[in-house]
Amino acid sequence: MATAIRQAVGPDFTVGIRISQAKVNDYQHKWSGKEDEAEVIFMQLRQAGLDYRERGICKS
């Protein structure tokens with residue numbers, strides 16, 4: 001979706017994402033794949049051409 005948005009708005013429009021392991025209804029949730037899963041997710045986001053990525057942190 002991020003790639004499609006970047007293509008639709010062009011390079012002069014700021015596009016970013018906020019991502020978190022926690023779910024709206026489950027603040028204790030953690031990605032089951034841990035660091036390996038995070039590496040895949042953030043690599044794909046990097047390749048999507050986003051201007052920023054904000055990583056949400058939820059203290060449990």
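**Exercises: contacts, core and surface**

L45 touches I17, I19, L50 and R53, leaving out residues up to four places away in sequence; contact means heavy atoms within 4.5 Å. The model is predicted: local features need pLDDT of at least 70, side-chain atom pairs count only at pLDDT 80 or more, and totals for chains, interfaces and linings use all residues. Residues are numbered from 1 along each chain as its sequence is written, and side-chain values use heavy atoms, without hydrogens and water.

**Exercise 1.** Find the residues of the largest nonpolar core.

Solution. Start with the term: such a core joins buried Ala, Val, Leu, Ile, Met, Phe, Trp, Tyr and Cys residues through side-chain atoms within 4.5 Å. Buried means under 20% relative accessible area, exposed over 50%, partly exposed in between (1.4 Å probe, protein chains only). The largest core has 9 residues: A2, V15, I19, W31, A38, F42, L45, A48 and L50. Helix α2 (residues 34–47) gives the largest share, 3 residues.

**Exercise 2.** Decide whether R6 is buried or exposed, then trace its surroundings.

Solution. Helices are DSSP runs (H or I, at least four residues), numbered from the N terminus. Next, read the area: R6 has a relative accessible area of 13%, so R6 is buried. Then follow the side chain of R6, which reaches the backbone oxygen of G10 at 2.5 Å. Last, list the contacts of R6 beyond four places in sequence: P11, F13, T14, V15, A48, G49 and D51.

**Exercise 3.** Classify I5 by its accessible area.

Solution. I5 is also in helix α1. Its relative accessible area is 38%, so I5 is partly exposed.

Terms used. A polar contact is a pair of N or O atoms within 3.5 Å; within protein, one must be able to donate a hydrogen and the other to accept it, and residues adjacent in sequence count only if both atoms are side-chain atoms. Helices (H or I, at least four residues) and strands (E, at least two) are DSSP runs, numbered from the N terminus.
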